[in-house]
Amino acid sequence: MNLYRYSSPSAFYPVAGKLVPWFGWSALLLAIVGLWIGFGLAPTDFQQGEAYRIIFIHVATAWMSMFIYLVMAFWSALSLGFNTRLSGMMAQALAPTGALMTFIALWTGALWGRPTWGTYWAWDARMTSELILLFLYFGVIALRNAIDDDRRADRACGVLALVGAVNVPIIYFSVQWWNTLHQGSSVSMVAAPKMAAIMLAGMLVMAIAVWFYSIAVALVRVRCIILERERGAAWTSQLTEPGKT
Amino acid sequence: MSEFFAMGGYGFYVWGAYGVTALAIMVELLALRARRHAAEAAHAEAAAR
């Protein structure tokens, strides 16, 4: 199988369409399981009471907000380096979902911080850099909307996305580099998790659910973008025939 | 049941977090559906010509 074939929008469009239900239904199923673990099985936290149950969405969406940005920067780099149409479309498709994840992470963090730290918001390094991430997503979306020519928009947004990527390691390491109100990570690749196994399980299942949701939504959106941008191209006339999409 | 919704006194925070998350996801899905329908309709129109 020649994978390069799928780098053309015409070949990718039907493939993306076939993948969407798999990721979408898996996301729903995993979210149900994750919420069942989070609310049904995981016990009350001995320090935070029931308020800690917010972390099941907070951590999952905060991870995703950073990861989507890196993926968007990756596609932007491909778009800038190889000038491939689909790369720019992929980057374009990811920005709104990245902004959504960032918003949810900030919102749930505020509602968790109030009962746990005593404040909704503090201008500490972690929260400020996450807020900058939200503005970077907004900036990429606004820049895209401001430029009529799609290929020029790809390049401009690509540069912005790549420059903004320096913010992601700043978010991630902010709790180590600076003295932040936000606590250090509870989950790490190199050390034992600082939480009960069942809580960790709920968090990881929710994280995978958020992953699959983001993939499904990005695939649907990239299909819309392909239709919007390739309008008039000969191959798209086959798309709306029954059974071909 | 009401104990579950009270969340040990943290109901406002927990359900405020989960409720807005659910709402935000609904908004994204509905907006995306509208976009897909618009793109497909514009496309079908162009193909019919």
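Mentor: Let me begin with a convention, since we will need it: a crossing is called left-handed if the near helix is turned anticlockwise from the far one by less than a right angle, and right-handed if clockwise. Please also keep in mind that this is a predicted model.

Trainee: Fine. Which hand does the crossing of H3(A) and H7(A) have, then?

Mentor: By that convention, the crossing of H3(A) and H7(A) is right-handed. Helix H3 of chain A covers residues 85–117 and helix H7 of chain A covers residues 197–229, and their axes come within 8 Å and cross at roughly 130°.

Trainee: And what do we call H3(A) and H7(A) relative to each other?

Mentor: They are oblique to each other, because an angle over 145 degrees would be needed to count as roughly antiparallel, and 65 to 115 would count as roughly perpendicular.

Trainee: Which residues of H3(A) and H7(A) meet there?

Mentor: From H3(A) come A:Met89, A:Met90, A:Gln92, A:Ala93, A:Leu94 and A:Thr97, and they meet a set in H7(A) that includes A:Ser214, A:Val217, A:Ala218, A:Val222 and A:Ile226. Sorted by class, this contact of H3(A) with H7(A) has 9 nonpolar, 3 polar and 2 charged residues.

Trainee: What does A:Val222 touch, away from its sequence neighbours?

Mentor: Once the neighbours within four places in sequence are left aside, A:Val222 is in contact with A:Met89, A:Met90 and A:Ala93, and also with A:Ala16. A:Val222 is also listed, with A:Ile54, A:Ala60, A:Met72 and A:Met206, among the residues with the most contacts inside the largest nonpolar core, which has 70 residues.

Trainee: Switching topic: how many residues of chain A and chain B are in contact?

Mentor: There are 28 residues of chain A in contact with 22 residues of chain B. On the side of chain A that touches chain B, H3 and H7 each supply at least two residues, and H3(A) has the largest share, 9 residues. The residues on that side divide into 15 nonpolar, 7 polar and 6 charged.

Trainee: Why does A:Phe103 count as partly exposed?

Mentor: Because A:Phe103 has 18 C-beta neighbours inside 10 Å, while being buried takes 20 or more.

Trainee: And is A:Ser87 buried or exposed?

Mentor: A:Ser87, also in helix H3 of chain A, is buried, with 21 other C-beta atoms within 10 Å. Beyond its neighbours within four places in sequence, A:Ser87 is in contact with A:Trp75, A:Leu78, A:Ser79 and A:Phe82.

Trainee: Last one: what does chain A look like overall?

Mentor: The secondary structure of chain A comes to 7 helices and 0 strands, and of its 245 residues 41% count as buried. Among contacts in chain A between residues at least 6 apart in sequence, 77% join residues at least 24 apart.

Terms used. Residues numbered from 1 in each chain as written. Chains lettered and ligands numbered in written order. Predicted model: local features only at pLDDT ≥ 70, side-chain atom pairs only at ≥ 80, totals over all residues. Axes fitted to C-alpha atoms, helices over the stretch in contact; angles between N-to-C directions. Helix = DSSP H or I, 4+ residues; strand = E, 2+ residues; numbered from the N terminus. Parallel < 35°, antiparallel > 145°, perpendicular 65-115°, else oblique. Contact = placed C-beta atoms within 7 Å. Nonpolar A, V, L, I, M, F, W, Y, C, P; charged D, E, K, R; others polar. Core = buried A, V, L, I, M, F, W, Y, C linked by C-beta atoms within 7 Å. Buried ≥ 20, exposed ≤ 12 C-beta atoms within 10 Å, placed from the backbone.
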